[in-house]
Amino acid sequence: MSATSSTPDPATGQPVKPTVVLVHGALADSSGFGAVIDRLRRDGYTVRAAPNPLLGLQSDAATVRGFLDSIKGPKIVVGHSYGGAVITQAASGDPDVKALVYLAALAPDRGEVLGDLVNTPVAHPVAQGPFVTVNVTQPDGTKRTDLYLDPSQFRARFAADLPAGVAADLAATQRPLSAAAFADTLTVEPAWKTIPSWYLVSGQDQTLSPDLERFQADRMHAHTSQVDSSHAVYLSHPEAVADLIEQAARATR
């Protein structure tokens, strides 16, 4: 029998702490979670970073769901940016996921197209991009267009509160998102409708509008907090991110 959030640890008699599963978004990879992982491990949490291929919502969610299914016991699932959309689908109907944590993230509703969600009218919108497109011919002969954020604009749009050298490294090593992802639709009941959710708004975000983030958090009835951060909140404010994850873990034991 797999452990649940109320199953005691035989060694301590205390409830088992959930495994924290981190899902990165577009233009990034899991290495940026390093400082968050250090803080969570220090506080006794097992942490895993899920692979996110960034090829489209359906395939990415299937990859993350398989990863979640491989981890026994209770889990807190965390998604940054596009990773929020992925966990919204991947965690749907998973009884072992005790809480969801969204970091400046997309959180679509059932039947919602990601591109439409990004373009939801808000008081202070943020323009998408500017993107550099790379056309890819896949082994089966089909075409794919990958989107990179223009490196010259990367710091201003994604990581304005990080040192220039760090932002330059992020721009140089960014992972693209398939352009097709913006046409993808959430096909299941969103996980946030049945799983308690927390949302961290990045108040100085120039990738997703803070107003759009607040709109989503309100729609989800999420426990919401805000930090004065760029989109790269997991890098610039790892303490706030770790604190919110631990808050979610404590509240859902």
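# Aromatic pairs, sheets and backbone features

With a relative accessibility of 0%, Y199 counts as buried, a term that stands for under 20% relative accessible area, whereas exposed means over 50% and partly exposed covers the range in between (1.4 Å probe, protein chains only). The model is predicted, and for that reason local features are reported at pLDDT of at least 70 and side-chain atom pairs at pLDDT 80 or more, while totals for chains, interfaces and linings use all residues. Residues are numbered from 1 along each chain as its sequence is written, and side-chain values use heavy atoms, with hydrogens and water left out.

## Aromatic rings

Three aromatic pairs are found in a search of the whole structure, where rings of Phe, Tyr and Trp (its six-membered ring) pair if their centres lie within 6.5 Å, and planes under 30 degrees apart count as stacked, over 60 as edge-to-face and the rest as tilted. One of the pairs is Y102 with Y199, which is stacked because the ring centres are 6.1 Å apart and the planes stand at 10°. Y102 belongs to strand β4 (residues 97–103) and Y199 to strand β8 (residues 197–202), so this pair ties together parts that are 97 residues apart in sequence; the elements are DSSP runs numbered from the N terminus, helices being H or I of at least four residues and strands E of at least two. Y102 is likewise buried, at 0% relative accessibility.

Another pair is F154 with F158, whose ring centres are 4.9 Å apart and whose planes stand at 35°, so the pair is tilted. Both residues lie in helix α5 (residues 154–158), where they are four residues apart, about one turn of the helix, and both are buried. A ring also meets a charge at Y45, since the charged end of K17 sits over the ring, 4.7 Å from its centre (the cut-offs are NZ of Lys or CZ of Arg within 6 Å of the ring centre and within 35 degrees of the ring normal).

## The two sheets

Six strands with parallel pairing make up an open sheet in the order β2-β1-β3-β4-β8-β9, strands being paired if DSSP finds at least two bridges between them. Its edge strands are β2 and β9, each of which pairs on one side only, and the twist averages 20° from one strand to the next. Between the parallel strands β4 and β8 there are four bridges, and L100 has S197 in β8 as its bridge partner.

Helix α3 (residues 82–90) packs on this sheet, touching β1 (19–23), β3 (75–80) and β4, and its direction makes about 145° with that of β3. Helix α7 also packs on the sheet, where it touches β4, β8 and β9 and makes about 165° with the direction of β8. Contact here means heavy atoms within 4.5 Å, and axes are lines fitted to C-alpha atoms, for helices over the stretch in contact, with angles from 0 to 180 degrees between N-to-C directions.

A further open sheet has three strands, paired antiparallel in the order β5-β6-β7, with β5 and β7 (177–178) as the edge strands that each pair on one side only. Seven bridges link β5 to β6 (residues 143–149) in the antiparallel sense, and T137 stands opposite K143 in β6.

## Backbone features

Most residues other than glycine have a negative phi, and most peptide bonds are trans. The peptide bond from G129 to P130 is cis, with omega near 5°, and P130 lies in the loop between α4 (114–118) and β5 (131–137). Two positive phi values are set out below.
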